[in-house]
Amino acid sequence: MPEDSRETAAVREVTERLKSAYTGRRTAQEVEAVVGEAYNHLRDRPVRDFVPVLVERRARRILADLPDPSEMD
């Protein structure tokens, strides 16, 4: 996860916001994994200011594209 304390806090807030937004549709572990994946995709970017926003956007796209667990029965 991020090393900068502000970035860490911002990504943590993104994670919590997405957990809340996807309650009942995705597990907390799924959301955490997707946020981690989205963050890892951006970890080597030199400009850090917008990383949390970009992580949230990417994670939302990934979560929206995952199959709905209720449709997998």
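R60 is partly exposed, at 32% relative accessibility. By partly exposed I mean between the two cut-offs, where buried is under 20% relative accessible area and exposed is over 50%, using a 1.4 Å probe and protein chains only. What we have here is a predicted model, in which local features need pLDDT of at least 70 and side-chain atom pairs count only at pLDDT 80 or more, while totals for chains, interfaces and linings use all residues. Residues are numbered from 1 along each chain as its sequence is written, and side-chain values use heavy atoms, with hydrogens and water left out.

Which residue forms a salt bridge with R60? That is E56, with the closest N and O atoms 3.1 Å apart. A salt bridge here is a side-chain nitrogen of Lys or Arg within 4 Å of a carboxyl oxygen of Asp or Glu. Both E56 and R60 sit in helix 3, 4 residues apart, or about one turn. Helices are DSSP runs of H or I, at least four residues, numbered from the N terminus. E56 counts as buried, at 14% relative accessibility.

Next, a network: salt bridges with shared partners join E16, K19 and E32. Within it, the side chains of K19 and E16 meet at 3.3 Å, N to O. These two are 3 residues apart in helix 1, about one helical turn. E16 is partly exposed, at 44%.

The structure holds 6 salt bridges. Another of them pairs R48 with E7, at 2.8 Å, N to O. R48 lies in the loop between helix 2 (28–42) and helix 3 (51–65), and E7 in helix 1 (residues 5–21), so this pair ties together parts 41 residues apart in sequence. R48 is partly exposed, at 24%, whereas E7 is buried, at 6%.
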